[in-house]
Amino acid sequence: MTPSPEAQRVIAWVSGAHDNRGLPWAVVDKVNATLFLFAPDGTQQAAVPVLIGIMPGDEASPGVGTKTLASLGPAEKTTPAGRYLAKFGLPVAGERVLWVDYATSVALHPIPKDAGAREKRRERMLSPTPDDNRITFGCINVPQAFYTRQLRPTFRRKGGYVYILPDTKPIDQVFPRLRTQAPG
């Protein structure tokens, strides 16, 4: 999996500016439905496909974090773009998750065990294109083996940063510090 030009730009900026502040970090490229995991020193550790929010969009709806999943409308099922300090926290369905943004209930975790069979989340994640990877309520789903063997051990101690690229806004609007770095 190769990072898109936008992902490459964010990766270069984080590595060059040490924006991760000595913590591990990940870049989620929503357009290509891919996550890139990095060690604190900027060494790439992995690249995996992801599932993201059903609707394109870069903002969380006001109050979305206080609603039940059943009460969310289709337009509220987005994965918000931005820079987040992610940490493991309170369990969801009995399992601790990596909270990307606790206030909006966006977490990074494996495909839930109770996901409906008709959603075909595993098949979507393994498909050759990102066209069918929009299925979640806003969380970022990753392969179970990656979560267990790489993500959890990497982020377990102090957490880390997660940079979620936009799919509708200009990248410089979501990451203003990129303006000081030339594209490319």
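How many residues lie between β2 and β3 in their hairpin, and which residue in the turn has a positive phi? There are five residues between the two strands, and Gly 42 in the turn has the positive phi, about 95°.

The model shown is predicted: local features need pLDDT of at least 70, side-chain atom pairs count only at pLDDT 80 or more, and totals for chains, interfaces and linings use all residues. Residues are numbered from 1 along each chain as its sequence is written, and side-chain values use heavy atoms, with hydrogens and water left out.

View A. Strand β2 covers residues 34–38 and strand β3 covers residues 44–49. Helices (H or I, at least four residues) and strands (E, at least two) are DSSP runs, numbered from the N terminus. Two strands pair if DSSP finds at least two bridges between them; β2 and β3 are joined by five bridges and run antiparallel. Phe 38 has Gln 44 of β3 as its bridge partner.

**View B. Stacked rings of Trp 25 and Phe 38.** The centres of the two rings are 4.0 Å apart, with 10° between the planes, and the pair is stacked. Rings of Phe, Tyr and Trp (its six-membered ring) pair if their centres lie within 6.5 Å; planes under 30 degrees apart count as stacked, over 60 as edge-to-face and the rest as tilted. Trp 25 belongs to strand β1 (residues 25–29) and Phe 38 to β2, so the pair ties together parts that are 13 residues apart in sequence. Both residues are buried, where buried means under 20% relative accessible area, exposed over 50% and partly exposed in between (1.4 Å probe, protein chains only).

View C. Tyr 161 and Tyr 163 form a tilted pair, at 6.3 Å centre to centre and 35° between the planes. Tyr 161 is buried at a relative accessible area of 6%, and Tyr 163 is buried at 0%. One aromatic cluster is formed by Trp 13, Trp 25, Phe 38, Tyr 161, Tyr 163 and Phe 175. In the whole structure, the search finds eight aromatic pairs.

**View D. Helix α1 and its surroundings.** Helix α1 (residues 5–17) has 13 residues and reaches 18 Å from its first C-alpha to its last, close to the expected 18 Å at 1.5 Å a residue. The expected span is 1.5 Å times one less than the number of residues. Ala 7, Arg 9, Val 10, Ile 11, Trp 13 and Val 14 of α1 are buried. The elements covering the buried residues of α1 include β1, β2, β10 (160–164) and α4 (171–174), with contact taken as heavy atoms within 4.5 Å.

**View E. Salt bridge between Arg 9 and Asp 172.** The side chains of Arg 9 and Asp 172 meet at 3.0 Å, N to O. A salt bridge is a side-chain nitrogen of Lys or Arg within 4 Å of a carboxyl oxygen of Asp or Glu; the structure holds seven of them. Arg 9 lies in α1 and Asp 172 in α4, so the pair ties together parts that are 163 residues apart in sequence. Arg 9 is buried, with a relative accessible area of 12%, whereas Asp 172 counts as partly exposed at 24%.

**View F. Salt bridges around Lys 30.** The side chains of Lys 30 and Asp 58 form a salt bridge at 2.8 Å, N to O. Asp 58 lies in the loop between β4 (52–53) and β5 (82–92) and Lys 30 in the loop between β1 and β2, so this pair ties together parts that are 28 residues apart in sequence. Both count as buried, Asp 58 at 4% relative accessibility and Lys 30 at 3%. Lys 30 also meets Asp 167 in a salt bridge (3.6 Å, N to O). Asp 167 is in the loop between β10 and α4, 137 residues apart from Lys 30, and counts as partly exposed at 21% relative accessibility. Salt bridges that share partners join Lys 30, Asp 58, Arg 134 and Asp 167 into one network.

View G. Most residues other than glycine have a negative phi. Phi of Ala 33 is positive, near 50°. Ala 33 lies in the loop between β1 and β2 and is buried, with a relative accessible area of 3%. Lys 120 has a positive phi of about 50°. Lys 120 lies in the loop between β7 (106–110) and α2 (121–126), and counts as partly exposed at 48% relative accessibility.
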